[in-house]
Each structure stands twice: as C-alpha cells, then as structure tokens.
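Open the model in your viewer and keep the selection panel at hand. The tour moves from one selection to the next.

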Amino acid sequence: LTTILTTHNHWDHAGGNKEMASKFPNINIVGGRIDNVDGCTKAVEHGETFSLGALRIQCLHTPFHTKGHICYVVSPPEGGASYVFTGDALFVGGCGRFFAGTPDEASKSLLETLGSLPDNTMVYCGHEYTIKNLQFAQSAESSNLAIAAKLAWARGEIAAGRHTVPSTIGEEKSYNPFMRAHQPSLQGWCGTSDAVSTMAELRRRKDAF
C-alpha cells in the first residue's frame with residue numbers, strides 16, 4: 001500500500017488516515033489543499049496530475065459538500081475508459097448535501113467539471129444511496145424511462161446482496177436530476193428557469209424527501 005486518495009475531510013472518508021499512516025510509515029495521503037484532510041502528506045489542487053505506478057491521476061476540485069472536495073480521475077495506461085472517484089460529490093442517481101458550498105458551486109462541479117468527462121467514465125462514489133436517490137428522481141421526472149429502468153435494476157441488485165456502484169457519467173446524465181438541472185422537464189417541476197436555481201430547489205426538495 002503506497003497511496004490513499006482522500007476526497008474530503010469528513011470522518012467517514014478520512015478518519016482512518018492517521019492509523020493507516022502509523023501502519024505504513026511511507027504511505028502518501030493525498031487530499032485537497034484547502035480541506036484540512038487528516039494525515040495529508042500531498043495537498044492537491046484543481047487540474048493537478050500525478051502518476052501512481054502506471055496510472056495517471058487527475059485532480060478535480062468539486063466544492064459544495066466541503067470547500068476542498070477533490071474527485072480523482074484515474075486513467076489506465078492501456079487507454080480505454082477512465083474511472084472517477086467522486087466521494088460525496090456525485091452518487092448514483094444523486095449528489096451530496098451542500099454543507100459548505102452554494103448551488104452555483106454545485107452546478108459548476110456537477111454539470112461542468114464532472115459533466116465534461118467522457119460519457120464512458122466509470123463513476124465510483126462513496127456511498128450506496130442509489131435506491132433512495134432514484135425514488136426521488138422518479139418523483140421529479142415520472143416519465144423518464146431511464147430512471148424507471150435503473151431503479152428496477154438497483155432494487156434487484158440490492159435484493160440479491162450486490163451493490164449498484166459503479167455507474168458511468170453518461171448514465172448519470174440520463175437519470176440523475178442533479179446532472180440534469182439544465183433540462184426543461186426538471187426546471188418545470190421545480191418552477192425555475194435556470195440550472196443554478198433548479199439545483200437549489202432540487203437539493204431543498206431532496207433534503208426533505
């Protein structure tokens with residue numbers, strides 16, 4: 001074990017860093033420069049890249065859940081699909097609460113920073129909230145067939161004792177309301193006319209769902 005990629009400073013993501021460092025004295029603990037991650041030995045910023053063996057790691061600053069939240073895009077040497085570790089920024093069918101940021105920051109993080117990744121990028125998030133997220137998504141867009149199909153699939157996976165992670169960026173754009181805040185269907189449901197105000201209203205309604 002040589003490296004820990006820490007998306008943000010919350011205890012359920014960074015709480016074991018110091019203990020791991022005590023067991024592996026030369027370990028490299030990566031975290032956002034402004035997030036005060038426990039045990040951090042390598043502070044990174046948006047756009048920074050580094051290598052981990054043959055892998056290329058790109059750091060994406062995605063503030064709103066925490067101010068210094070970082071997503072890590074990992075590109076394999078042989079090419080093909082990359083994968084992104086999104087922590088509590090992007091979940092399957094949902095996103096993290098806006099604990100330390102604004103709807104504008106969430107919009108930029110989700111619709112632009114993560115939304116600009118190739119559609120085949122695999123999404124590995126930090127929690128298994130898929131069914132509840134998709135139930136909310138379905139309440140917002142009841143005629144969206146992608147939501148219905150994903151929800152049925154997710155229920156089957158969980159019932160069988162499996163998990164629903166990963167997804168892909170392209171899939172998230174088809175059923176995740178927080179990746180669809182620019183869509184007229186969601187703006188109509190929210191009573192809004194732009195992505196930022198839609199993001200704010202989606203989060204407000206999801207928090208109460």
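Over the face of which residue does arginine 203 lie? Select phenylalanine 98: arginine 203 is over its face, 6.0 Å from the ring centre. A charge sits over a ring if NZ of Lys or CZ of Arg is within 6 Å of the ring centre and within 35 degrees of the ring normal.

This is a predicted model: local features need pLDDT of at least 70, side-chain atom pairs count only at pLDDT 80 or more, and totals for chains, interfaces and linings use all residues. Residues are numbered from 1 along each chain as its sequence is written, and side-chain values use heavy atoms, without hydrogens and water.

Stay on arginine 203. Its relative accessibility is 6%, so it counts as buried (under 20% relative accessible area; exposed is over 50%, partly exposed in between; 1.4 Å probe, protein chains only). Its side chain makes a polar contact with that of aspartate 207, at 2.8 Å (N or O atoms within 3.5 Å, one able to donate a hydrogen and the other to accept it; residues adjacent in sequence count only if both atoms are side-chain atoms).

With phenylalanine 98 it forms an edge-to-face aromatic pair, 5.3 Å centre to centre and 80° between the planes (centres within 6.5 Å; planes under 30 degrees apart are stacked, over 60 edge-to-face, the rest tilted; Trp uses its six-membered ring).

Now go to phenylalanine 136 and tryptophan 189. Phenylalanine 136 is buried, at 2%. Tryptophan 189 is partly exposed, at 27%. Finish on arginine 205: its charged end sits over the ring of tryptophan 189, 4.4 Å from the centre.
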